[in-house]
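Please keep the sequence and the structure in view while reading.

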Amino acid sequence: MTSNGTQDQGKPKDDFAARERVRFNQWEEAGYFSRSEGRGDYAQHPFTITIPPPNITGFLHMGHALNDTIQDTCIRRARMQGYRTRWVLGTDHAGIATQTKVDKKLAEEGVSRLQIGREAFIDECWKWRAQYGSTIVNQIKGMGCSVDYDDEHFTLDPDYVDAVRKLFVDWYHDGIIYRGKRIVNWCPHCTTAIADDEAEYVDEAGCLWYLRYPLSEPVDGMDHIVVATTRPETMLGDTGVAVSPSDESKKSLVGKMVKLPLVDREIPIFADYHVDASFGTGFVKVTPSHDPNDWAMGERNGLPRINVFDETAHVVEGYGRFSGMSRDEAREAIVADFDALGLLEKVEDHPHSVMTCYRCHTKLEPWESEQWFVAVDRLKEEAARVVEDGSIRFHPARWKRVYLDWLENLKDWCISRQLWWGHRIPVFYCDQCGWEDASVAEVEVCPKCGAPVRQDEDVLDTWFSSQLWPFATLGWTIDGTESVELKEVYPTQVLSTARDIMGLWVARMVMASTYCTGQIPFEHVIIHPTVMGADGKPMSKSRGNGVDPLRLMEDYGADGMRFGLLMQVTGGQDLRFNESKLESSRNFANKVRNAARFVGMHLDGYVPGDPEPTTPADKWIFSRLAKLVERLDGLFGEFEFGDIARELYAFFWNEYCDWYIEFSKSRLDESADPADRLACQRNLMFVLDQAIRLLHPVMPFVTEDIYQELPFDRSESPYLIGAAWPSASALSRFVDDEAERAIDMVCEVVTGVRSTRARYGISPKEPLALAVKASDTDASLLSAQSALISAMANASDLVISTDAQKPAQAAAVLGSGIEVYVALAGLVDFEAERVRLEKERGKLEKDADKLGKKLSNEGYLAKAAAEIIEKDRAKHADALDRIARIDAQLAELA
């Protein structure tokens with residue numbers, strides 16, 4: 001496989017999916033994915049995660065891949081620890097997203113939802129769900145995620161519908177839900193309201209138009225005022241002009257009238273503290289139906305409201321030639337008419353941000369509309385308290401402040417959507433007598449007068465239904481807080497999610513749960529990193545920097561993708577995706593497999609038995625293992641997944657494979673003492689067993705394969721997924737700092753000798769004379785390992801002392817508290833080597849100087865692409881590093 005993930009020519013591609021599917025099916029058939037029974041110290045403790053329900057329009061993307069890896073890592077470890085675990089599965093109906101997809105499908109068939117009607121359109125949505133609703137669930141299976149697939153939930157299941165209606169009815173009767181006319185963010189394309197949190201801001205190279213509004217009567221010799229606006233098309237709905245009360249120059253104009261051009265409407269000039277006297281001309285046109293700030297000023301000053309746009313952002317009837325124009329067409333025509341009338345004073349460039357629909361990316365229109373709202377003030381105080389007092393903890397902790405700030409600034413939530421697919425608002429009206437009420441059950445006739453009733457046409461915001469997810473999936477709908485499962489396992493332990501829905505979803509789940517159940521919905525909130533493209537920008541098809549996790553699993557296996565993603569997680573929130581990390585992870589999986597294969601090949605005469613660390617190398621690896629488990633437990637407690645992956649990698653690759661297996665080879669030889677050989681086999685198997693248990697939550701497939709292939713004691717569990725997590729307290733008896741220090745020094749000495757051989761091209765078969773300078777204690781520890789050092793470093797002579805001196809013509813390698821001298825006399829032509837190194841240094845110095853000047857050129861930095869600059873910086877850093885290493889070698893040769 002090449003670094004970009006393509007297959008090497010002539011090399012058969014490893015069918016990871018086929019191999020992994022076998023193990024996955026075994027786990028599922030054995031029942032490991034449903035609620036586990038629990039065992040040991042945690043037998044009565046639940047550990048529950050509810051999956052953030054993916055949209056039925058969705059497919060696995062890199063954010064899902066990372067989040068699902070995090071959740072599966074948590075649930076697999078908890079299962080091994082003995083908790084009663086369950087990972088709740090489900091999908092979201094995704095109101096606006098699904099409706100948009102089905103609308104597009106119908107359009108391709110030559111029809112529209114308006115032609116076929118509401119009921120037929122909803123049938124089409126259900127067909128879509130049947131066809132595509134399981135797509136992402138099957139892809140999650142491919143990742144090896146141990147979700148409870150036998151109990152899948154859907155946010156439009158009958159019981160879930162009842163839950164949503166119950167909450168609406170409760171809040172309606174409690175006065176928390178109300179209906180009213182407000183300015184909302186309106187999408188003219190989707191023809192529905194959009195919540196503030198769902199809007200996306202896009203920078204636009206706009207303009208500031210200066211328009212003259214004639215005064216009805218001259219004031220102090222003035223016959224007009226000038227307003228500055230970024231939206232001249234809304235002037236048709238102006239009902240006032242505002243000035244700042246602190247602006248002394250305009251006091252004489254307050255209370256006067258202007259004649260609105262084009263529509264010949266008289267509107268007042270008034271003072272309001274919202275106006276910034278320094279912006280534009282200090283005169284602000286006020287259009288209460290098309291701007292939330294103007295709405296507020298209009299309310300304070302008794303202005304009428306005029307809605308000049310229809311639901312598709314076209315000018316309504318009554319405005320002459322402008323009627324029927326889109327808002328962009330109206331802008332162009334209105335500006336042209338002002339110019340023709342001599343009323344356009346000037347136009348200035350004015351970059352600004354505009355709100356767009358998160359689904360179709362159409363520019364949103366602030367639009368007066370009658371909608372349903374949730375009065376959040378009665379809910380957000382408790383939602384803030386449970387985070388402030390630590391009942392709910394955020395990871396990383398800095399997101400606590402972001403959450404609390406979002407709550408503090410939260411305004412009433414518009415929950416109605418002008419869609420057909422979704423939870424229809426359960427409010428019923430009688431047009432005969434005016435009766436109105438909310439009801440969980442369907443209402444067909446008016447309970448007051450007996451006339452037929454009608455249900456509200458709108459549906460609820462998708463986030464309204466998904467806020468019930470943690471408890472509606474655990475039996476609350478049927479039995480309320482008396483639900484057996486809710487009593488036993490609620491609150492859940494972990495929620496892992498993206499930062500962009502912390503307000504949209506996380507805070508609302510907290511508000512809904514504290515109201516409905518009197519409890520928090522989860523104890524820990526993991527805000528996982530956002531996976532960015534290799535260029536550091538958000539992944540998208542238009543940028544061409546997106547990566548398909550399905551392709552990654554084909555090339556690297558689910559284990560390679562999972563481990564490689566976690567290896568890239570750091571304290572920062574933006575994860576710049578690097579595919580080479582997945583290649584390293586796939587190689588790591590192969591290293592794990594090969595290490596197990598080596599152990600398996602040397603088990604002749606093996607008889608299972610208790611491990612017994614007898615040699616310093618045994619004691620070293622056992623001590624390292626004990627400390628690793630303790631560190632991992634601490635890291636899991638803080639959900640530091642990147643550090644977890646890196647600790648596992650370092651232990652297994654560097655310590656177990658590169659060193660302990662090497663230390664063990666001579667003891668496994670057929671000529672070795674049989675008793676020591678058996679002890680070595682048992683120790684290798686014990687450490688391997690513990691290591692694959694630690695690796696299993698992140699790399700479930702390769703570790704399960706090893707567990708099944710080698711003669712581990714499987715009486716505890718037939719599958720590794722159900723085996724016990726290593727116990728830090730049980731392993732603590734193996735901690736041996738002296739053995740660690742001794743073998744760590746052995747590794748440093750051997751590594752120093754090997755690096756010297758590589759640097760000077762000396763064959764591993766060439767014996768070398770060594771001297772090691774160390775303190776009394778360290779010299780004593782090292783001397784006890786002299787035979788091991790001599791064998792692994794191929795030393796012809798080895799001196800270890802507190803006063804060892806560097807021989808002439810020798811390389812010096814510094815370790816932690818020790819110095820290693822490698823005699824090179826007769827093996828290296830020092831003069832020729834010095835000439836070669838100086839020549840190489842001169843070339844590198846020229847390259848470094850050239851790159852340094854290039855990178856200090858402001859013109860180059862301003863014009864060159866970011867990725868080119870990064871490459872040059874990397875080349876410059878590499879050249880400087882190589883110069884430093886050559887200087888160190890020249891010092892050795894002096």
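Predicted model: local features only at pLDDT ≥ 70, side-chain atom pairs only at ≥ 80, totals over all residues.

Strand S26 (residues 768-773) and strand S29 (residues 819-823) run antiparallel and are joined by four bridges. Opposite Leu770 stands Val822 in S29.

An open sheet of three strands has antiparallel pairing and the order S19-S18-S20. Strands S19 (436-438) and S20 (454-455) each have a single partner strand and stand at the edges, so one side of each is left without a neighbour in the sheet.

Three bridges link S18 (residues 427-429) with S19 in the antiparallel sense. Within this pairing, Tyr429 has Glu436 in S19 as its bridge partner. Helix H7 (residues 158-173) packs on the sheet and touches S18, S19 and S20. The direction of H7 makes about 130° with that of S19.

## Helices H11 and H16

Two packed helices are described by the angle between their axes and the distance between the axes. For helix H11 (residues 399-408) and helix H16 (residues 502-516), the axes come within 11 Å and cross at roughly 80°. Angles of 65 to 115 degrees count as roughly perpendicular, which means that H11 is roughly perpendicular to H16.

On the H11 side, the contact is made by Trp399, Val402, Tyr403, Trp406 and Leu407. These meet Met502, Gly503, Leu504, Val506, Ala507, Arg508, Val510 and Met511 in H16. By class, the residues of this contact divide into 11 nonpolar, one polar and one charged.

In soluble globular proteins, nonpolar side chains tend to be buried together. Here the largest nonpolar core has 141 residues, and Phe652, Tyr656 and Leu688 have the most contacts inside it. Helix H20 (residues 641-668) supplies the largest share of this core, 13 residues.

Which residues does Phe652 contact, leaving aside its neighbours within four places in sequence? They are Phe588, Val592, Ala595, Cys657, Leu688, Ala691 and Leu695. Another core, of 61 residues, lies apart from the largest one; among its members are Ala163, Phe394, Tyr490 and Cys516.

Conventions:
Residues numbered from 1 in each chain as written. Heavy atoms only, no water. Pairing = 2+ DSSP bridges. Helix = DSSP H or I, 4+ residues; strand = E, 2+ residues; numbered from the N terminus. Contact = heavy atoms within 4.5 Å. Axes fitted to C-alpha atoms, helices over the stretch in contact; angles between N-to-C directions. Parallel < 35°, antiparallel > 145°, perpendicular 65-115°, else oblique. Nonpolar A, V, L, I, M, F, W, Y, C, P; charged D, E, K, R; others polar. Core = buried A, V, L, I, M, F, W, Y, C linked by side-chain atoms within 4.5 Å. Buried < 20%, exposed > 50% of the residue type's maximum accessible area, 1.4 Å probe, protein only.
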